[in-house]
There are 2 protein chains.
Amino acid sequence: MKQTKILLPETEMPTQWYNVAADLNNPPAPPLGPDGKVMDPSAMSAIFADNIIEQEVSTQRWIDIPEAVREIYQQWRPTPMFRAHRLEEALGTPAKIYYKYEGISPAGSHKLNSAIPQAYYNKMAGITRLTTETGAGQWGSSLSLAGQMFGIDVRVYMVKVSFQQKPFRRSMMQTWGGEVLASPTDLTETGRKILAQDPDNQGSLGIAISEAVEEAASREDTKYSLGSVLNHVLLHQTIIGLEAKKQFAMVGDSPDMIFAPCGGGSNFGGVAFPFFADAAAGGKQARLVAVEPTSCPSLTKGHYAYDFGDTEGHTPMTLQYTLGHDFMPPGIHAGGLRYHGASSLVSQMYHEKLIEAVAVPQVATFDAGVQFARAEGIIPAPESNHAIRACIDEALRCKESGEQKTLFFNLSGHGHFDMVSYDKYLNKELEDYDYPQSEIDAALERLPKTAL
Amino acid sequence: MKQTKILLPETEMPTQWYNVAADLNNPPAPPLGPDGKVMDPSAMSAIFADNIIEQEVSTQRWIDIPEAVREIYQQWRPTPMFRAHRLEEALGTPAKIYYKYEGISPAGSHKLNSAIPQAYYNKMAGITRLTTETGAGQWGSSLSLAGQMFGIDVRVYMVKVSFQQKPFRRSMMQTWGGEVLASPTDLTETGRKILAQDPDNQGSLGIAISEAVEEAASREDTKYSLGSVLNHVLLHQTIIGLEAKKQFAMVGDSPDMIFAPCGGGSNFGGVAFPFFADAAAGGKQARLVAVEPTSCPSLTKGHYAYDFGDTEGHTPMTLQYTLGHDFMPPGIHAGGLRYHGASSLVSQMYHEKLIEAVAVPQVATFDAGVQFARAEGIIPAPESNHAIRACIDEALRCKESGEQKTLFFNLSGHGHFDMVSYDKYLNKELEDYDYPQSEIDAALERLPKTAL
């Protein structure tokens, strides 16, 4: 009987996260304030708790996972790794394909890995309320559950069009006790200003971030929480890659290439960074491949420059690959990858050629997702389909060349709340979209001038 | 750090199913044909493969699980058992609460436990097509995936109103390669007859069964597959309870009371029968509690009589607790429990007072489900909420009495495709419905006369 599932014993669950900042050739580029000068970490304390800020700027290689966090992690962690025997057979490839499955978390994706410690640290800092934004709802639902578990109230500013058209993740957040508002609201200055100009405004992630940040900055008991991009979020996600390394050791194998979807970067960083640690320590250098949509090609086609994290320009500026903070993402179905920029850490590693990136078109990602679902059973999230596409492409190259490479991808979540997009795919209603180079070039003109 | 998850090693996964028919005091009551006479098993061969019929009538206590089935089972089995520490704390009960989680199967519920072997046995018998019916889509999606894995075409007759109003499980079936038709169709005599009389007919489970059976009976290469009620389906589900017994042994505990939702009976039988085996062998007698909705109270209020399995009266008659085969289930959200009757094995055990039953109202089941989701993270299927309600009620009784009972329930599936019902609950739009005694009494008149 072939072994498909590789389970790490609970006693082997990592007790520390890995901080890649300790192993970079150059120190991480610091965030800049609105005046274009290097921001003092304490300037972030209006919206983040001090213990979170401390983690954000830490260069310590290993950081302890608090016991209270591990106790909750263990409800679904260590997550299983699978050898995709049936997919290999369907492809007829000599390559070995492994995947790690983060969709078994109660919230259905890897996002809960950071929501739990963020709720914990805020609780320790005496915070009783958290605000955040959400688009499709992956992050908002994770933080709602995490808040519930630590007795912290969570208010989620949900992009109005998603609030109205995607009610299921909204119900999920509410089931876990989260308060969900359709953004723009009349509760913040940002929201009121926008509604005064345009009462029918359907909202955007940029507006929702601005509202959540504004509220957090205005209340003593409230902080803001972000689900990707920042260093501490990527740190929390490294538990994925750390577990995977142990699981590879259990079967006496190790990956030659690792694929993960890349939007803000927490998914990619979470699975790839711990393998970079091996290379940094002189060990095997697996090729680390960030996979993004051709419709949002920040790494593969964007500018490496200081830019804002949000559309409105209310956040600090970070050095990143960006399509311009006023980038309007096309309506692709991988909501988690519809972001103009990328994590500063991921961007720096890409700039220094420590990692690779590839862009794949939408329809091909669903081709891959359906092929995977029919072979392996699990229906993947549209974001995950990007990694599957790139992995299958490599497996097919191995079929041509006869190479027996070991390929590994992160199946970051299930697609149970994304069946509308599978339905469109099956009805041949999905389209590809290449974000035009002219738009990318034009965005360069609109990057914040203070940082140049 | 408190242990919440109890994982059975893969090497400990059961290699045999348990057949409760071997341990009953009286032989199972045989099915009757349309003439009211005991049916010869061979009469079923028009719609079931011979190896399935053999299992259906077997009284052998232990039946080997084929290696090809175990190989697929191991993708998600053994499923985890959890000690519900946080729920216990929220309730303030001295009772210990455990639950087994079947929702981690790729199809999201226990249904896949029987879909896989049914596809396997049909494959072994040379069958290349299977027909089945589905309401909300739990069973249809499981069989679509199982068929895909064994290279068997699956055609699902889906109740038209669900086909139109619940597109997500339909997309799931299609993603796995299942062919999904809105029933009534114009492909069967049953369907054409109904559409001729009523072109706008919205379908029912009874009609869908009739169409699926009619097609299977008319083609050599095609058989019919059912997701509950029958003996072989309950047999396949016993892997749940068999694993649970080993998991209890791992933590040195054993349940005093076991709760499972009961519609057709495969969920309840799957978790409860293996514990009945202990009692039959002179060991501990855990109380086995089948939990049903007050809107479909077949065990608690129905007649113990021979009745059909479908509305149209095309199936054999079995001895069961029934509300009458023409029972029109109220529109409650636990679609899997909207059935007029019950498994013959479960009915016989209830009649002989070997198991218990309780009926709970809809709103209270969602109260319990939301309380559970906030404490434990997982959002349960509406069917599972019935077991959770009954278990919480007992835990609260223990709080009153101070008893430290060990309680156990089967969390048969997740609620990711049922968020509409959570939304209605949160908006206080859900209602309770007690099926009236007068209707139940009246149904007695309409039971098939040939069997009386």
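## Symmetry of the copies

A rotation of 180 degrees, with 0.0 Å of shift along its axis, superposes chain B on chain A at an RMSD of 0.0 Å. The two copies are thus related as by a two-fold rotation axis. The model is a predicted one.

The copies meet through the same surface, because 100% of the interface residues of chain B are also interface residues in chain A.

## Extent of the interface

The size of an interface is often given as the accessible area lost when the parts come together. Between them, chain B and chain A bury about 4,200 Å², and 57% of this area is on carbon and sulfur atoms. Met1(B), Gln75(B) and Thr175(B) supply 17% of the area that chain B buries against chain A, which is more than any other three residues supply.

In terms of contact, 46 residues come from chain B and 46 residues from chain A.

## Polar links and contributing elements

Four salt bridges are found across the interface of chain B and chain A. At a distance of 3.6 Å, N to O, the side chains of Lys5(A) and Glu10(B) meet in a salt bridge. The interface of chain B and chain A also has 27 residue pairs in polar contact, with both residues at pLDDT 80 or more.

On the side of chain B that touches chain A, the elements giving two or more residues are α2 (67-73), α5 (138-150), α7 (167-175), α14 (362-376) and α16 (419-426) of chain B. Of the elements, α7(B) gives the most to this side, with six residues. By class, the side of chain B that touches chain A consists of 22 nonpolar, twelve polar and twelve charged residues.

An unreviewed UniProt entry lists residues 74-413 of chain A as "domain: Tryptophan synthase beta chain-like PALP". Residues 74-413 of chain A are 45% helix and 19% strand, and the end C-alpha atoms of the span lie 18 Å apart.

Over all chains the count of salt bridges comes to 42. Within chain A, the side chains of Glu215(A) and Arg155(A) meet in a salt bridge at 3.1 Å, N to O. Glu215(A) lies in helix α9 (residues 205-218) and Arg155(A) in strand β7 (residues 153-159) of chain A, so the pair ties together parts that are 60 residues apart in sequence.

## Backbone exceptions

Most residues other than glycine have a negative phi, and most peptide bonds are trans. Pro78(A) sits in the loop between α2 (67-73) and β4 (81-83) of chain A. In chain B, the peptide bond from Arg77(B) to Pro78(B) is cis, with omega near -10 degrees, and Pro78(B) is in the loop between α2 and β4 (81-83) of that chain.

Val229(A) is not a glycine, yet its phi is positive, at about 70 degrees. Val229(A) is placed in the loop between β9 (222-224) and α10 (231-250) of chain A.

How values were computed
Residues are numbered from 1 along each chain as its sequence is written. Chains are lettered from A and ligands numbered from 1 in the order in which they are written. Side-chain values use heavy atoms; hydrogens and water are left out. Contact means heavy atoms within 4.5 Å. Buried area is the accessible area (1.4 Å probe) that two parts lose on being put together, summed over both. A polar contact is a pair of N or O atoms within 3.5 Å; within protein, one must be able to donate a hydrogen and the other to accept it, and residues adjacent in sequence count only if both atoms are side-chain atoms. Helices (H or I, at least four residues) and strands (E, at least two) are DSSP runs, numbered from the N terminus. Ala, Val, Leu, Ile, Met, Phe, Trp, Tyr, Cys and Pro count as nonpolar, Asp, Glu, Lys and Arg as charged, and the others, Gly among them, as polar. Copies are superposed by least squares on the C-alpha atoms of residues with pLDDT of at least 70 in both. UniProt positions are given in the numbering used here, feature names are shortened, and annotations may be inferred rather than shown by experiment.
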